[in-house]
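Let's take a walk through a protein model together. Keep the picture open beside you and look for each piece as we get to it.

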Amino acid sequence: MKISKEIIEKHGIKNDEYEKIIKLIGRTPNLLELGIFSAMWNEHCSYKSSKKYLKTLPTKNKNVIQGPGENAGVIDIEDNDAIVFKIESHNHPSYIEPYQGAATGVGGILRDVFTMGARPIATLNSIHFGNQDHFKTKNLLNGVVSGIGGYGNCMGIPTVGGEVKFDHSYNENILVNAMAVGLVKKDKIFYSKARGINQPVIYVGSKTGRDGIHGASMASAEFDENAEEKKPTVQVGDPFTEKLLLEACLELMKDDSVIAIQDMGAAGLTSSSVEMASKGNLGIEINLNQVPCREKKMTPYEMMLSESQERMLIILNSKKIDDAKKIFNKWELDFAVIGKTTNTKNLVLNFNNKEVANLPLSSLSIDAPVYDRKWKKNIIHKKKISTKDFKQIKIVDALNIILKTPNNSEKSWVWEQYDQTVMGDTILKPGEDSAVIKIHKKEKAIALTVDSSSQYCKADPLTGGKQVVSEAWRNLISVGSNPIAITNCLNFGNPEKEEIMGQFVECIDGITQACNYLDFPVVSGNVSFYNETNNKAISPTPTIGGVGLIKNLKKIMTKKIKEIGSSIFVIGKTNGHLYQSEFYKEVMGIKGGPPPEVNLFNEKNNGLFIKNLISENLVLSVHDISAGGILLAITEMCISGNIGAKIKVPKNYTNLHSYLFGEDQSRYLIEINEKNVGEVKKISEKFNIFYEILGKTCKDSLILDNEFNINVNNLKKLNSYWFKNYFEESSV
Amino acid sequence: MKSSIIVFPGSNCDRDISIALEKFKITTQMVWHNETKLPKSDLVVLPGGFSYGDYLRTGCIASKSMIIKEVVNHSKKGGLILGICNGFQILIETGLLPGVLLRNKKLRFLSKNVNLKVINVENQFCVNYKKKNIIELPIAHNEGNYFADQKTLNHLEDKNLIAFKYCDKNGKIDRDYNPNGSSNNIAGILNENKNILGMMPHPERLIDPILSGEDGSMLFESLNKSV
Amino acid sequence: MKISATVTLKKDVLDPQGKVVNQTLKNMGYKNIISVRQGKFFEIEINETNKDKAKKMVEEISKKLLANLVIEDYSINIEK
C-alpha cells in the first residue's frame, strides 16, 4: 500500500519526522512499520517534548532502589521490604467514556506495579473536572468515580486517598490521574530489561482485539469539535481478568522463571516488545500467527497496535515454559509463546511465513526525536487590592461560602464508592492529611498522599511547582511519617505553544528545587500533553504522589481534635497572603496576582519540628494549613473531632480576613494538652520556630469573639452540603 | 476447630478471613473452587470479593462450581458455613439461604462503617455478642439490598433467623440508618438449623485495635468456643 | 403499542460478561456453545397508535439514553 501524505498525517507523524524515519531505516516504511513508528514516536511513549527537562529532576536518595526508566519506581522501607509506586494519566479516554476511561486507567497503573513483582496494596487518584455548572460535569464525575470504584473494588485493592477538583479550565479536558502502590521483597523485584539470546517471548492474559487502535496517538492529539468521532479508541476494562492475571503473575514470580516482564499498556505489543528488547540491547522476533486473537482475521497492524487490556509480555527461562503454562491454565488465561530474543538488535515481525516488518530497535527508542521546544517565561501579574473592600464581608459568611464550594467540601460521596479497607491493613482512610497503610504482618506503615495546585501553577509555574511538592511533603509529615520520595503526573496543554512549554519548564524547575531541598526525589511518573480543546488549554497541573514511612504504629497522627481545654498553636508565620486564595476566588471573585511564596528553609524546618513533636508524644492532633487558610483548617479539625474551639486573631494583625484566610505556606495547626505547652515552647525555641497561640478547644462550637459562634454540627452540615445537593440526595 | 476457605477466581477477602480465623486459633485451609473434595472441616467459609467479577449476577457463577456440591453436603451433615458479603450472595444463589440480594437502593457501591444490632445471639456464630450486641462493622458492597417476599420475611422474623440488622449507634432500627434499602434492615440471616450464617458486613476487617476496632473479634471467639 | 429495544456491546468491543458466561456453560457441559454476548432488553409501552411515529421515538430514546453509543449498538422491534 502506498504511503500517502494523508496516511502519514493521520498517524500523527510530522513531515520532518517522516524524513528522519527514512534516514534511520534507509528506506520508506510500510504501513505496519509506519504504525509502529507512530506509536513509539508519539508524545505519550517517547516523551519527545519533555525528556530534556525530565532529565533535570532529582531521582535519587539513600532510599531509592529504582528511579524513572522502569515500569514503576521503587524505594527501600527497611527489613528487606520495598515499595513500588507510580502515577499515570488517562485523561483523553476518560473524557470520551468516563467509566471505561477511568477504569482502564486504574487497570493500567496496577499492571505497572505488579509487573515488578509487587502485590498492589493501595491506590489513590487525582481527578479534575470542569465547572460545576458545565453541562458535562455531572455525568463525567459520576462516570469517573464509578469507573475507578468498579475496577479497584473488583481487584480487591483498597482506594485510600485522592483529590477531586473543579475548575473551568477542565471544562473540555478532564484529568484522571491514577496512582498505585505495591509491596515487594527487595530481593524479589522484577525488571523489564530482556536478557539472553533465543529466550522465549511469552504473551499472557486476555486475547487481543481491535480495542484502542491508536489510543497512544489519541492521547497526544488535541480534541476539536469532532472529539465524538474518536470514539472507537476507548477500551473496555475487565477487572476480573486482571485479578486473575495478578494472581497468576505473582505465582509465576515465586521462583526464577521470569527473566524480564512488562505489561502491555499504551501501544500494546509494540511498546512492550520494543522497550524490553531495547533495554537489554537485544533484538526480538515475533511470529504474529501465535498471538491469541479475540476477533477473526486480525491483521498484523491491528495486532501490534491493539490496546486490549489485561495483557503482559514475559521473557521466560526456556526450561520453565511448561510450569508457567500450568499456572496460566489454572487461572484460565491465555498463554502463548509468540517469539524469541535475538542478537540482531532489530524488531522482526513475521506473519503467514512472511517477514512483515523489520526495524532497528534504536530507531524506535534512543533515536526517537527529542525536541528542545521554544518556551517563554510566565509573566506574574502583580495586583493591588484595597483592603477596605472586605470590611463589609462578615467572616462567618465568607466561611459559609467556602465550606459549600465543591473544592472545599468533604468528599465522602466520592470515597464511599471505593472499598477503603479490603486487605485489612488500612489505618487511616480518606479524609485525613494522608492515608496510612500498615505493612502486612509488620509493625510499620506507609503514608500516602496525592496533591496538585493548578491555580498556583497557572499564576506562577515556578512557585506552583515548589508549592505542590511542599504540600505533599507537609501532608506526609502531618500524619507522623518520614517522607521518602514522589511520583509525578505532569498534565499540560500543547507543548508546541511557547507559553505552555514555558509553564512546563518552570514547573519542573520549581519541582526540582523543592525535591532537592527536601530530599524528596522523583522515582516515576508520566507526562500528559495536549490537554486542550479548541485552543483552550488546562491550567498547568503537575500532580504529585508522595510516600512516607512510619516506623512506630503508636505514633500515627490525625487531624481530629482529641480533647476539650487543649491549646491550638499556629506553627509558621502568617503574612496574610490572599492572592490566589479561596477567599479571593470564591468570596470576592478576585482573580490574578501571584501565589503565596514558598520558603523552602521554613518548609523543612517547620516540618522537622512537627515530626519531633509527634515522635515525642507532645501533640494531640496536627493539620497542615493549605487552601482556605487557618480558618478552614481549624474548622476541619473541629468537624473531624466533633469538638469546638475558641479562637482569636493575635493583637498585631489588623486585618482579620488576611490572617484567617491567607494561604501562606509551610504552616500547621497543632493541638497540645496544657501540660505539654511548656515543653513545646522550649523545643520551638531550639528549632527557631515561629508560632502563635490561636486559642483553646472547647465544647460544641467554633467561636471567634465578636464575629461568630457556630455549632460544630452546623459546620459539618455546611461542609457536606455540596455533593448531596448536586446529586439531590437525602442523608445516609 | 478446622476451617476450609473456598477460593473462587475473583475472591478478594480470602487472605483477610484466613488471618482473622487463625488469630482466634481456628486452623484454615484454602480450597480451590474446582476441587471435588472438601478437607475435613468444622467450618466452611465463603469469603468476600468479586467472584467471577460479579458478572451475570453476583455469586451466580460461583454457585455452579464443582466444590459447591460438597459445601451443600457439609451443611446437610450439620457443618457450619459462614458466607461474608460475596459469600452471602453465593449462599443465596446456591439456595442454602432464602431471598435475594439486589442492587443497593442508591445504585452505588457503598464502603463505610455501619452500626448493627445482633438480633440472634443463640447461635454458634454470635454467642459472644451477648456482652455487646450493638456493634460497628464495615460494609463494602454494591448488591447488599436483601429482599424476600413477605411470607419469607415473616418466617425469618418469627423463627428468629435474622442475625444482624442495621441500626443507629443506640441500637434503634430505623430506615434512616439502613445503608442499602434492605427489607427490615436485614444485614445477615441464618438458616433453619442455624448452622449457616450469611452476612453483608465484614467482621474480619475489625479484629485489631490499631485498625480502629475489635467488634469483629467476637464472632470468631464465638466460633472458637463452639467446638 | 409495545416496542422493545435491545442494547448490546459493539461487535469489536470486549464483552467480559459474555466471555465468562460462555466459559461457565462449557464447564457445565455445554460443549457446543461457540460464543455468548450479553446485552440489555427494554420493553417500552407507548401511548401512540402510529407505528412509524412510535418507532422513531424509540430510536431517539435509544440513541439519547438507552445505549451508550461510544461502545454500544441498539436494535428495535415492534412487539404485538
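This is a predicted model: local features need pLDDT of at least 70, side-chain atom pairs count only at pLDDT 80 or more; totals for chains, interfaces and linings use all residues.

Residues are numbered from 1 along each chain as its sequence is written, and chains are lettered from A and ligands numbered from 1 in the order in which they are written.

Let's begin with a sheet in chain A. Strands of a sheet pair through backbone hydrogen bonds, either parallel or antiparallel. Here six strands form an open sheet in the order 1-2-3-6-4-5, with mixed pairing. Helices (H or I, at least four residues) and strands (E, at least two) are DSSP runs, numbered from the N terminus, and two strands pair if DSSP finds at least two bridges between them. At the edges sit strand 1 (64–66) and strand 5 (159–166) of chain A, each pairing on one side only. On average, neighbouring strands of this sheet are turned by 20° against each other, direction ignored. Strand 1 of chain A runs antiparallel to strand 2 (residues 73–76) of chain A, over two bridges, and A:Gln66 stands opposite A:Val74 in strand 2 of chain A.

Helix 7 (residues 98–114) of chain A touches strand 3, strand 4 (119–129) and strand 6 (175–185) of chain A, and its direction makes about 25° with that of strand 6 of chain A. Helix 8 of chain A touches strand 4, strand 5 and strand 6 of chain A, at about 175° to the direction of strand 4 of chain A. For these angles, axes are lines fitted to C-alpha atoms (for helices over the stretch in contact), and angles run from 0 to 180 degrees between N-to-C directions.

Zoom in on A:Ser89, which belongs to strand 3 (residues 81–89) of chain A. Is A:Ser89 buried or exposed? A:Ser89 is buried, because 28 other C-beta atoms lie within 10 Å; the cut-offs are 20 or more for buried, 12 or fewer for exposed and partly exposed in between, counting other C-beta atoms within 10 Å, with C-beta atoms placed from the backbone. Beyond its neighbours within four places in sequence, A:Ser89 is in contact with residues including A:Leu175, A:Cys489 and A:Ser528. Contact means that the C-beta atoms of two residues, placed from the backbone, lie within 7 Å.

Next comes helix 10 (residues 239–252) of chain A, with 14 residues. Helix 10 of chain A is mostly covered, with 12 of its 14 residues buried. Helix 7 of chain A packs against helix 10 of chain A at an angle of about 5°, their axes 11 Å apart. That makes helix 7 of chain A roughly parallel to helix 10 of chain A, since angles under 35 degrees count as roughly parallel. Among the residues making this contact are A:Gly107 of helix 7 of chain A and A:Leu246 of helix 10 of chain A.

Finally, find where the chains meet: the contact takes 24 residues from chain A and 25 residues from chain B. The largest share of chain A's side, four residues, comes from helix 10 of chain A.

Terms used:
The expected span of a helix is 1.5 Å times one less than its number of residues. Angles under 35 degrees count as roughly parallel, over 145 as roughly antiparallel, 65 to 115 as roughly perpendicular and the rest as oblique.
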